[in-house]
Amino acid sequence: MSIKTLLGIEHPIIQAPMAGVQGSELAIAVSQAGGLGSLPCAMLTPDMIRAELTAITTATSKPFNVNFFCHTPPEVSAEREATWRNALQPYFAEYDINADDIPAGAGRAPFSHAIADAIEAFRPPIVSFHFGLPSPDLLARIKGWGAKVLSTATTVEEAKWLEAHGADAIIAQGLEAGGHRGLFLSDDLTTQVGTFSLLPQIVQAVNIPVIAAGGIADAKGVAAALSLGAIAAQIGTAYLLCPETKTSLVHRAALKSASAQHTALTNLFSGRPARSIVNRVIREIGPISNNTPEFPLATTAITALRSKAEANGSGDFSPLWCGQNATGCKEISAADLTAELVAEVLKR
Ligand SMILES: Cc1cc2nc3c(=O)[nH]c(=O)nc-3n(C[C@H](O)[C@H](O)[C@H](O)COP(=O)(O)O)c2cc1C
């Protein structure tokens, strides 16, 4: 199946949805350039999603993707929250923060009927998920308006599960990928596989199209993914310096520095493993802590430190999401970057 048949786009490039660092502007630019622009909705309320979808559908008639998380929200544990705040206490003291005053931070809500109500009128042609799939009734609703459903697999087992439960295509997310790992059948990080080992194994294991994600930073990487059987490449990190993103100044500075060569999987910023450039808090606490509240509750306490540190120009407590190959990050328009990424493919 061609990418044109599956998603209705010209080029085999999907701009990865990146919650917290981009909105409709980047999605519009990539869709207009012939790739698939994505709107990350995990941190948006239904009203915000409606406003962003209005912006997209006003600006382009090309296909676009909306992306959601589908985790199960955890029970709040006061004890676990207290243990975590205790671990952060030296930093709260340094920044003169009273832990009792920390307000609830930006959460991440899973896909729900309330969100489906908000997006249904826009009939987004493509809907992608991280952390599995929503319940069968929600999936049926989305498919009811003709949307194609994509979801992330980090193992062969997850890919087979997604195929069996109704995904139209699999995003094979290798260990190199920036941001949250989409793992959902196991939380054992030793199950996680690099992109070019994972991709051909998933291609062999399923009968639906496979999209490669993780560490793909340039035209040669895109061509390599296609030659290993991918129908398209989903690219996140390379877009982070484009002017259409909302990437913060500290994040931009880190991506442009040599420190982008050192990333780690860390659960300190949300409670789930995600790949970030190693910064002070990761170095000092260690990338994985057993003390964090469950995803996404860990976000709240560290956000208080992040805000104070960023106000001083420091990324010491920021989630500096980044894949293992940041060499593709360029301060050029998303349209130009998309054109560069497909250059090798177009030559063939
Ligand atoms: C800053 C950032 C934020 C991300 N947020 C999301 C998200 O909201 N939803 C999602 O499905 N994937 C998210 N991801 C993961 C991407 O979908 C994709 O797997 C990854 O960017 C591919 O690897 P690369 O960054 O090396 O290109 C994020 C990645 C980054 C870098």
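Helices (H or I, at least four residues) and strands (E, at least two) are DSSP runs, numbered from the N terminus. T155 sits in the loop between β5 (148-153) and α7 (156-164). This is a predicted model, in which local features need pLDDT of at least 70, side-chain atom pairs count only at pLDDT 80 or more, and totals for chains, interfaces and linings use all residues. Residues are numbered from 1 along each chain as its sequence is written, and side-chain values use heavy atoms, with hydrogens and water left out.

**T155 and its surroundings**

- T155 counts as buried because its relative accessibility is 13%; buried means under 20% relative accessible area, exposed over 50%, and partly exposed in between (1.4 Å probe, protein chains only).
- A polar atom of the T155 side chain lies 3.0 Å from the backbone nitrogen of E158. A polar contact is a pair of N or O atoms within 3.5 Å; within protein, one must be able to donate a hydrogen and the other to accept it, and residues adjacent in sequence count only if both atoms are side-chain atoms.
- Apart from neighbours within four places in sequence, T155 is in contact (heavy atoms within 4.5 Å) with T191, Q192, L198 and I202.

**Helices α7 and α8**

- Two packed helices are described by the angle between their axes and the distance between the axes.
- The axes of α7 and helix α8 (residues 195-205) come within 9 Å and cross at roughly 35°. Axes are lines fitted to C-alpha atoms, for helices over the stretch in contact, and angles run from 0 to 180 degrees between N-to-C directions.
- From α7, V156, A159, K160 and E163 meet L198, Q201, I202 and A205 of α8.

**The ligand**

- There are 20 residues around the ligand, and P17, N67, G215, G236 and T237 come nearest; a residue is near a molecule or strand if one of its heavy atoms lies within 4 Å of it.
- A polar backbone atom of P17 is 3.3 Å from a nitrogen atom of the ligand.
- An oxygen atom of the ligand lies 3.4 Å from a backbone N or O atom of G214.
- In the side chain of T237, an N or O atom is 2.6 Å from an oxygen atom of the ligand.

**V66 in strand β3**

- V66 belongs to strand β3 (residues 64-69).
- V66 counts as buried because its relative accessibility is 0%.
- Not counting residues up to four places away in sequence, V66 touches L39, C41, L53, I119, P124, I126, V127 and S128.
- V66 and E310 are 244 residues apart along the chain, and their C-alpha atoms are separated by 29 Å.
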